[in-house]
Structures are given as C-alpha cells and as structure tokens.
Amino acid sequence: MPPGDLRLASPARARGSDDEEAWVWSQIRMEARRDADAEPALASYLYSTILSHSSLERSLSFHLGNKLCSSTLLSTLLYDLFLDTFSSDPALLSATVADLRAARFRDPACVSFSHCLLNYKGFLACQAHRVAYQLWTQARRALALALQSRVSDVFAVDIHPAARIGKGILFDHATGVVVGETAVIGNNVSILHHVTLGGTGKVVGDRHPKIGDGVLVGAGATILGNVKIGVGAKIGAGSVVLIDVPPRTTAVGNPARLVGRKERPSKNE
Amino acid sequence: MPPGDLRLASPARARGSDDEEAWVWSQIRMEARRDADAEPALASYLYSTILSHSSLERSLSFHLGNKLCSSTLLSTLLYDLFLDTFSSDPALLSATVADLRAARFRDPACVSFSHCLLNYKGFLACQAHRVAYQLWTQARRALALALQSRVSDVFAVDIHPAARIGKGILFDHATGVVVGETAVIGNNVSILHHVTLGGTGKVVGDRHPKIGDGVLVGAGATILGNVKIGVGAKIGAGSVVLIDVPPRTTAVGNPARLVGRKERPSKNE
Amino acid sequence: MPPGDLRLASPARARGSDDEEAWVWSQIRMEARRDADAEPALASYLYSTILSHSSLERSLSFHLGNKLCSSTLLSTLLYDLFLDTFSSDPALLSATVADLRAARFRDPACVSFSHCLLNYKGFLACQAHRVAYQLWTQARRALALALQSRVSDVFAVDIHPAARIGKGILFDHATGVVVGETAVIGNNVSILHHVTLGGTGKVVGDRHPKIGDGVLVGAGATILGNVKIGVGAKIGAGSVVLIDVPPRTTAVGNPARLVGRKERPSKNE
C-alpha cells in the first residue's frame with residue numbers, strides 16, 4: 001500500500017549505523033522465532049532463511065540466492081556473490097537496513113522487518129540491484145546483466161545495473177517497475193508498482209529521469225527523459241511526466257501538469 | 001480478453017451447488033482425457049494435474065502447490081495446506097466453481113474449464129488468495145503473508161490476504177493486479193490486468209476501494225482510496241478513479257469522470 | 001530502454017538470409033567466449049546455454065526449455081518441441097535473427113546479441129510465441145495454450161497463440177505485455193512494457209488491434225478493439241487508443257488524440 005506517515009518511533013533511531021543494523025537484525029530474529037513458534041508449517045522455512053544465519057547479510061544472501069537461482073545459475077554461486085559483495089562495503093548493508101526501515105515505517109501493510117525481508121519483492125529486487133551495480137562499476141558487465149535479467153524474470157522488476165539508487169527506498173508491490181540505465185534515484189524515495197523511469201526513445205546517452213530525495217511516485221506513473229523531479233515532489237498515479245517537476249510540487253495527469261506546491265519540507269526529505 | 005456476453009447456457013445452471021460442482025469437475029476430466037488423447041506431449045502433465053485426482057479440490061491443491069512451491073516452501077506442505085482449507089469450508093469450492101464459470105462464459109478466449117483451471121494465473125492467484133484469507137482470519141498471519149508473497153512472485157498478482165473477494169470473479173490476464181488490505185470485491189466482478197485497488201497514501205485504516213457486484217474494471221485502471229464503485233459500473237481502461245462511481249455508471253479518463261449510465265440492470269448483477 | 005536510431009551498420013546487412021544467420025550465430029559465440037573468459041562465474045552458464053550448442057536453434061531451444069520448464073512440463077520435452085518447430089520452417093529462425101537485430105540496433109541498452117538471446121524476456125517470449133503459433137495453426141491447441149500460460153507465468157508476457165506477429169520485433173522490458181487472439185503485429189515494430197493490444201469487451205470474433213510495420217508503441221499504452229495503427233505510427237506512453245491511427249501519425253493521451261504526422265517514411269518502415 002502507498003506509504004503512510006511514520007507510525008512507530010524506533011528506539012534505535014539515534015544510535016550509530018552499526019548499532020542500528022544490530023538492532024534491526026535482532027528484531028528480525030525475534031520476529032522469526034515468534035512466527036516459527038506460532039506456525040509450525042513455517043518453522044523449517046524460517047530456520048533456513050533467518051534463524052540459521054549469523055548475520056543479516058548472510059540471511060539476505062541466502063534468500064536472494066534461493067529466489068534468483070536457476071538450473072544454470074546455481075544458488076551457491078549467487079550466495080557467494082551476494083555475500084562477497086555485501087561484505088565488501090559497509091555502505092551496502094547500511095542501505096539495506098534503511099530500505100527495511102522504509103518499508104516498515106512508510107507502508108501501513110508492513111507488519112514487521114522480517115515481513116519485508118522475506119516477502120517484499122521490491123525490497124529484494126533493490127538489494128539484488130545494489131549488487132548488480134557494484135558488478136557494473138567493476139566492469140563485470142555480463143554478470144551484472146545476467147543478474148538484472150533474473151530479477152526481471154523472478155520479480156518482474158527491471159532495473160538497469162548502471163542506475164544509481166540511494167537508500168531508504170520503498171518499491172511497494174513492485175510488479176512492472178522499470179528503471180533505465182542513466183536514471184538516478186535519491187534517498188527516502190517511495191515508488192509504487194508499474195512505475196517507469198524511462199527514455200523518450202529520441203536520444204542516447206544521459207536519457208533517463210533524476211528523482212530527488214523524498215519523492216513519492218504513484219502507481220503506474222511513467223516518467224520519461226532526462227527530467228528532474230525535485231526534492232519532496234509527488235507524482236500522481238497514472239501520470240505521464242515529460243517535464244521537470246519543482247521541489248515539493250505535485251504533478252498529475254497525462255500529460256502531467258503541476259497542481260500544487262507544499263511550502264514546508266516534510267520529515268522524509 | 002475482456003469479458004464478452006454469456007455465450008453458452010450451462011445445463012447445470014439450475015442445479016444445486018453440489019450438482020454444479022460435480023458437473024464442472026466431470027467436464028474438466030472429460031476435457032483432460034480428450035486433450036491427453038489428442039496430444040501425447042501433454043498426457044503425463046494432464047494425468048498428474050487432473051486425471052490422477054479424485055476431486056476438483058485435490059486437483060487444484062496439487063496444481064497450486066506445484067506452481068507456488070520453492071526450495072524452502074515444499075509442494076507437499078502447500079498441497080496439504082490447500083487441501084485442508086478447501087475441505088474445511090464448502091463455500092470455498094463453490095466460489096472456485098463460480099470463478100471457473102466466470103472465465104468460461106465471460107472470456108471469449110477461454111476454450112474450456114480445464115483451460116482456466118490449468119492456465120489462468122488470475123484464477124489460480126484468486127484461489128490461493130481464498131486460502132490466504134482463511135489463514136488471515138484464523139490469525140495465521142505469517143503464513144498468509146508468505147503465501148501472498150509467493151503468489152506475487154509466481155503470478156505477478158499481489159492481493160493482500162485481508163482483502164474480501166466474492167465469487168464468480170474473473171481476473172483476466174492478471175499480470176500486475178494489486179488489491180489492498182481493506183479492499184472489498186463483490187460477486188461476478190471482472191478485473192483486467194494491471195488494475196490497482198490501492199490507497200491514496202494519506203490515510204491508514206479502511207483505505208481501499210469497495211467494488212460492487214457485476215462491476216467491470218478495464219485494463220490498467222487505478223482506483224485509489226476508500227471509494228465505492230456501484231453495482232454494474234464500468235471503469236474504463238487506463239482510468240484513474242478517486243471518486244465514488246454510482247451503480248451502472250461508466251467512468252473513464254485520468255482523472256476519471258462519469259460518462260454514462262445504464263438504466264436497466266444487466267444479467268451479471 | 002525505448003529504441004533509438006540505428007547506430008551500427010551490420011557488415012552482414014546485404015548478405016543472404018543464411019549468411020546473416022550464420023554471422024549472427026558466430027557473433028553470439030564470440031561474445032560468449034569473451035564473457036566466459038572475463039567472468040569465470042558465468043563460464044559454466046555460457047557453456048551450457050551457448051558454447052556447447054552447434055546452432056542458434058539448439059541454443060535457443062535449450063535456453064527456452066530451461067526457462068519455461070516446470071515439475072510437470074519437463075525441459076527435455078520443451079527442448080524437443082522447440083527444436084522440432086524451429087527446424088521445420090526456416091522462416092522461424094529468420095524471424096528470430098531479425099528480432100535479435102531489432103534489440104541490438106534499436107535498443108541503446110542492448111550491448112550484444114548474446115545479451116538479448118540470454119537476458120531479454122521480451123525476445124524469449126516472442127520466440128516461444130512463434131512456436132505456440134505454429135502449434136495453434138496445426139490444431140494442437142491445448143499444447144499451444146499451455147505454452148502461452150508458462151510464458152505468462154515466467155515472463156509476465158501474455159500473447160495468445162493465435163496472434164500473428166511479424167519479424168524484427170522488439171518487446172522492450174516486456175513485463176505486462178498482453179496481445180489478444182485476433183491481434184496482428186507487422187514487421188519492425190517496437191512495443192514497450194505494459195502494452196495491451198486487447199478487446200473492448202463488447203464484441204466477439206475479430207476484436208483486436210492491427211499494428212502496421214514500423215510502429216512504436218510506448219510504455220503502458222492500451223490499444224483496444226479492431227482498430228488499425230498505420231505504418232510508422234507512434235503511440236505515446238500511457239495512451240488509451242480506441243480509434244484508427246493513420247500512417248506516420250502520433251497518438252497521445254487518454255483517450256488518445258492525433259497530434260502530428262511525419263511526411264516521410266523512416267528507415268525502419
């Protein structure tokens with residue numbers, strides 16, 4: 001569901017990044033133990049995906065490897081690839097935790113961190129993209145593109161490995177999201193399903209949208225071309241946006257027109 | 001394809017519910033035998049999915065279990081879960097049969113009941129949702145959410161387990177359908193692909209659309225907020241609906257406006 | 001990404017069809033060898049999907065069989081079915097090669113022929129459709145419909161087996177594409193994701209769009225009814241088209257209106 005306001009105060013909000021990660025991981029394990037006790041049918045699943053792992057990056061790497069593997073791309077290869085990448089750069093796990101928080105606190109339908117970790121294909125697609133992006137920047141392009149393709153098959157989310165994506169991202173529902181090669185997405189952005197950040201087909205090179213911090217893009221919105229969506233802007237569901245949208249401004253319709261402007265920054269920006 | 005008019009009279013139309021279910025199941029078996037004879041490449045598939053089973057609920061549970069299983073959620077666990085649930089409440093199987101009839105008689109491209117049972121991912125997602133809904137009402141929420149997530153991965157259909165859905169439902173093509181937590185869908189409703197029954201993001205609580213009996217929602221329509229779509233209304237393809245739509249009225253456009261009203265109820269209402 | 005202009009001249013452009021196929025296959029093998037050498041994690045995958053095969057039709061049949069198989073539709077059965085069909089009619093492989101060229105030369109994000117062959121689910125769905133269409137015309141309808149369903153599950157692309165599709169087709173991103181039973185798509189057509197070529201729900205029989213050569217249909221466009229989209233026309237993203245569109249004319253909006261006409265044919269027509 002579209003993100004609501006922040007509803008829960010996190011006790012760890014003021015802690016450092018390592019503490020924050022440790023707290024979220026301890027919450028996830030607590031939730032998994034509670035759910036495994038209450039639902040024996042899930043006990044084995046929760047053990048293999050969460051409770052048997054010593055860290056969030058191991059749990060996530062195992063889960064992603066299982067989801068994205070095929071008869072020709074083995075889960076063990078993917079597990080090693082994800083774990084190596086997440087272990088190589090602390091900023092990656094920090095972004096993962098920010099994404100977990102984004103779902104937990106901006107989506108009224110998200111009941112727990114483990115709900116997001118296990119079940120949100122937008123979250124999982126975004127984490128796989130973070131790995132694909134690392135591979136792309138290391139010129140391991142064939143592997144990055146193979147990963148993009150598996151994510152598109154399995155989650156119906158198609159993010160080019162070169163796209164730059166911030167942290168605290170909520171891809172809600174996520175089916176049909178397409179993000180082009182030169183797109184940039186800031187921090188604390190919420191993007192609903194069927195959203196396209198695409199090109200107009202008329203240019204090559206830098207040809208995709210730039211999405212500012214704290215933007216909300218409604219379901220089915222199509223944003224095309226190297227346009228700038230300003231900080232805190234809102235793009236209405238079903239809009240077709242071919243123009244820049246100023247900060248804290250709402251755009252709606254096909255073609256989109258600007259309809260309102262919020263004078264004060266919101267807390268998500 | 002969008003639903004056409006009723007084209008075939010069912011000989012079982014006037015029978016009781018048990019007779020109706022028995023008749024549909026006997027048709028499905030007859031169709032499977034005919035197809036297995038005509039197409040040896042499918043014989044083993046049709047035997048394992050239909051002909052080896054003693055009832056519609058067993059066939060459906062086996063097929064759903066196979067489609068939705070993963071390396072961590074085993075098909076046998078899912079089979080038992082589906083069969084236990086379908087066996088626990090006769091209203092569930094009655095709804096399944098009404099959904100099979102909806103596809104067979106409202107979709108010109110549906111050539112047989114077995115075609116729908118085996119191949120329509122909208123039908124299969126809807127049956128899995130009926131099970132997830134039962135789990136949700138029994139407070140087995142972690143399992144209900146895991147099932148929702150598998151359906152979203154496998155069929156690209158994302159229905160919150162708490163959503164209330166009637167019978168005689170046709171989710172045609174179904175890719176990208178999203179139905180929110182507090183949405184309600186009446187009986188004999190046809191919903192095309194890419195349809196969202198979502199929230200506006202501004203409210204929590206009861207925040208999703210209520211769809212009346214006999215409504216037709218065209219491809220790509222986005223209906224947002226706790227709005228009421230009246231009995232027999234039609235929502236045009238690509239519409240963005242943020243307002244109530246009166247009974248037997250057509251809404252089109254972005255934002256949607258009301259364009260016409262049918263004075264007499266149709267036979268589907 | 002939406003198709004750009006032709007950027008590369010193919011040395012084989014002027015050759016015969018057999019030469020062209022041989023050249024593209026030799027390019028694919030060269031690319032796969034290069035990528036396997038550079039990326040050991042992909043070596044085994046590239047060997048099994050490309051380098052171990054003696055022809056493009058064998059490689060494609062293996063890859064499609066692996067992607068589309070399930071526990072009840074075995075990959076070996078699908079491999080034999082695809083290979084038999086591709087081997088039975090040289091026009092099929094010629095269309096495959098034209099589709100590979102369409103992605104390579106019209107999509108700025110396509111870096112190689114093997115990138116398209118391995119990773120483009122729109123390309124793979126289109127090849128599977130060519131096989132399903134052959135089955136449909138041979139009255140093997142149950143198998144054709146089973147194949148359509150698997151493609152819809154795996155790639156989220158739903159093309160009725162009776163739809164007639166030309167060659168040089170680019171289904172870019174492809175998630176959510178729906179093509180109805182009586183739709184016709186000409187040659188050198190580019191269709192983005194979430195595009196529907198559907199019916200209005202009011203008629204049976206010949207009820208779906210006819211798309212001329214060289215047409216570009218933008219992301220999320222919905223074209224409904226037995227309407228004609230003329231040669232070289234462009235349909236804007238998010239449009240809802242219920243009317244004929246003349247050749248070389250652009251249609252945009254919901255409902256779509258005609259906004260411009262190009263006087264001279266482009267090179268893609």
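Author: By class, the lining of the largest cavity consists of six nonpolar and 19 polar residues, with no charged residues. Please keep in mind that this is a predicted model.

Reader: How is such a space found, and how many residues line the largest cavity?

Author: Rolling a probe the size of a water molecule over the atoms shows where empty space is left. In this model the largest cavity holds about 340 Å³ of space, and 25 residues line it, with A:Gly220, A:Gly238, B:Gly220, C:Gly220 and C:Gly238 lying nearest its centre. The count of cavities of 30 Å³ or more comes to twelve.

Reader: Which residues lie nearest the centre of the second largest pocket?

Author: A pocket, unlike a cavity, is an open set of points. The second largest pocket contains about 1,200 Å³ of space and has a lining of 47 residues, of which A:Arg150, B:Cys69, B:Arg150, C:Cys69 and C:Arg150 lie nearest the centre. Among the elements that give two or more residues to this lining are α3 (56–68) and α8 (141–155) of chain A, and α6 (113–119) of chain B and of chain C. Sorted by class, the lining residues are 17 nonpolar, 21 polar and nine charged.

Reader: What rotation superposes chain A on chain B?

Author: A rotation of 120°, with 0.0 Å of shift along its axis, places chain A on chain B with an RMSD of 0.0 Å. That is the relation of a three-fold axis. The copies meet through different surfaces, because only 6% of the interface residues of chain A are also interface residues in chain B.

Reader: Is C:Leu145 buried or exposed?

Author: A residue is called buried when its relative accessible area is under 20%, and C:Leu145, at 3% relative accessibility, therefore counts as buried. C:Leu145 is found in helix α8 of chain C, and, leaving out residues up to four places away in sequence, C:Leu145 touches B:Val111, B:His115 and B:Asn119 as well as C:Trp136, C:His160 and C:Pro161. The C-alpha atoms of C:Leu145 and C:Pro161 are separated by 6.8 Å, although these residues are 16 residues apart along the chain.

Reader: With which side chain does the side chain of C:Thr96 make a polar contact?

Author: The partner is the side chain of C:Gln127, at 2.8 Å. C:Thr96 has its place in helix α5 (residues 90–106) of chain C and counts as buried, with 0% relative accessibility. Beyond its neighbours within four places in sequence, C:Thr96 is in contact with residues including C:Leu60, C:Phe86 and C:Phe123.

Methods. Residues are numbered from 1 along each chain as its sequence is written. Chains are lettered from A and ligands numbered from 1 in the order in which they are written. This is a predicted model: local features need pLDDT of at least 70, side-chain atom pairs count only at pLDDT 80 or more; totals for chains, interfaces and linings use all residues. Side-chain values use heavy atoms; hydrogens and water are left out. Helices (H or I, at least four residues) and strands (E, at least two) are DSSP runs, numbered from the N terminus. Buried means under 20% relative accessible area, exposed over 50%, partly exposed in between (1.4 Å probe, protein chains only). A polar contact is a pair of N or O atoms within 3.5 Å; within protein, one must be able to donate a hydrogen and the other to accept it, and residues adjacent in sequence count only if both atoms are side-chain atoms. Contact means heavy atoms within 4.5 Å. On a 1 Å grid over the protein atoms alone, a cavity is a set of points where a 1.4 Å probe fits but cannot get out, and a pocket is an open set with protein on both sides within 12 Å along at least five of seven lines; lining residues have an atom within 4 Å of a point. Grid points are joined across faces, edges and corners, and a volume is the space filled by probe spheres set on the points. Ala, Val, Leu, Ile, Met, Phe, Trp, Tyr, Cys and Pro count as nonpolar, Asp, Glu, Lys and Arg as charged, and the others, Gly among them, as polar. Copies are superposed by least squares on the C-alpha atoms of residues with pLDDT of at least 70 in both.
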